[in-house]
Amino acid sequence: MSMSESKWTDEELSAVQEDIIAALETVIDPELGIDIVNLGLIYEVNLDEEGYCEIKMTLTTMGCPLADVITEQIHDALSDIDEIKKLEVKLVWYPAWTTDRMSRYARISLGIR
């Protein structure tokens with residue numbers, strides 16, 4: 001399918017991606033009590049014409065025991081977005097997560113300068 005035949009306009013795609021980010025902001029890291037967006041754990045959000053959504057994210061530590069819990073919460077949070085037909089959460093470890101990726105809000109909440 002060429003770009004000119006795109007099912008969605010750029011504006012529609014942008015709006016859906018904003019909805020996805022807003023939904024991801026409801027997913028709270030159980031250990032830190034801050035959402036995964038403000039923690040800087042979300043690296044990429046991709047959505048194609050067929051409704052396949054791929055979330056590339058990391059965790060604060062490689063051996064994080066909460067990976068399954070967070071992944072399940074992501075699936076639950078995005079289940080109300082009709083445009084998503086299939087969702088895949090991919091954990092990536094590069095670049096490694098650091099506190100530099102956190103939003104100002106998250107830093108203040110956790111007392112990090």
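Reader: Which residues make the nonpolar surface patch?
Author: Met62, Leu91 and Trp93 make the patch, and its area is about 300 Å². Keep in mind that this is a predicted model.

Reader: Where is Met62 found?
Author: Met62 sits in the loop between β2 and α2.

Reader: Is Met62 buried or exposed?
Author: Exposed, with a relative accessible area of 63%.

Reader: And the accessible surface of the chain, what does it come to?
Author: About 7,000 Å². Carbon and sulfur atoms account for 50% of that.

Reader: What share of the residues is buried?
Author: The chain has 113 residues, and 35% of them are buried.

Reader: Switching to the fold. How many helices and strands are there?
Author: The chain has 3 helices and 3 strands. Along the sequence they follow the pattern α-β-β-α-β-α.

Reader: What are the spans along the principal axes?
Author: The C-alpha trace spans about 50 × 25 × 25 Å.

Reader: What strand order does the sheet have?
Author: The order is β1-β2-β3. The sheet is open, and its pairing is mixed. β1 (42-47) and β3 (86-91) are the edge strands, each with a single partner, so one side of each has no neighbour in the sheet. From one strand to the next, the twist averages 15°.

Reader: How many bridges join β1 to β2, and which way do they run?
Author: They run antiparallel, joined by 5 bridges. β2 covers residues 52-57. Leu47 stands opposite Cys53 in β2, and Asn46 has Glu54 as its bridge partner there.

Reader: Then where do helices α1 and α2 go?
Author: Both pack on the sheet. Helix α1 (residues 10-24) touches β1 and β2, and its direction makes about 140° with that of β1. Helix α2 (residues 67-78) touches β2 and β3, at about 150° to the direction of β3.

Reader: Back to the hairpin. How many residues lie between β1 and β2?
Author: There are 4 residues between them. Gly51 is in the turn and has a positive phi of about 90°.

Reader: And β2 with β3, parallel or antiparallel?
Author: Parallel, with 6 bridges joining them. Ile55 has Val89 in β3 as its bridge partner.

Reader: Remind me, what do strands of a sheet pair through?
Author: Backbone hydrogen bonds, in either a parallel or an antiparallel arrangement.

Reader: On to charges. How many salt bridges does a search of the whole structure find?
Author: It finds 3.

Reader: Which residues are linked in a network of salt bridges?
Author: Glu54, Lys56 and Lys90. The side chains of Glu54 and Lys56 meet at 4.0 Å, N to O. For Glu54 and Lys90 the N to O distance is 2.9 Å. Glu54 lies in strand β2 and Lys90 in strand β3, so that pair ties together parts 36 residues apart in sequence.

Reader: Is Glu54 buried or exposed?
Author: Buried, with a relative accessible area of 10%.

Reader: What about the two lysines?
Author: Lys56 counts as partly exposed, at 25% relative accessibility. Lys90 is partly exposed too, with a relative accessible area of 32%.

Reader: Which residue does Asp100 meet in a salt bridge?
Author: Arg107. Their side chains meet at 4.0 Å, N to O.

Reader: Why does Arg107 count as buried?
Author: Arg107 has a relative accessible area of 19%, and buried means under 20%. Asp100 counts as exposed, at 63% relative accessibility.

Reader: Last one. Among contacts between residues at least 6 apart in sequence, what share joins residues at least 24 apart?
Author: In this chain, 64% of those contacts do.

Definitions and conventions. Residues are numbered from 1 along each chain as its sequence is written. This is a predicted model: local features need pLDDT of at least 70, side-chain atom pairs count only at pLDDT 80 or more; totals for chains, interfaces and linings use all residues. Side-chain values use heavy atoms; hydrogens and water are left out. Two strands pair if DSSP finds at least two bridges between them. Helices (H or I, at least four residues) and strands (E, at least two) are DSSP runs, numbered from the N terminus. Axes are lines fitted to C-alpha atoms, for helices over the stretch in contact, and angles run from 0 to 180 degrees between N-to-C directions. Contact means heavy atoms within 4.5 Å. Patches are made of residues with over 30% relative accessible area and no salt bridge: like charges are joined within 9 Å, nonpolar side chains (Val, Leu, Ile, Met, Phe, Trp, Tyr) within 5 Å. Accessible areas come from the Shrake-Rupley method with a 1.4 Å probe; for residues, only the protein chains shown count as cover. Buried means under 20% relative accessible area, exposed over 50%, partly exposed in between (1.4 Å probe, protein chains only).
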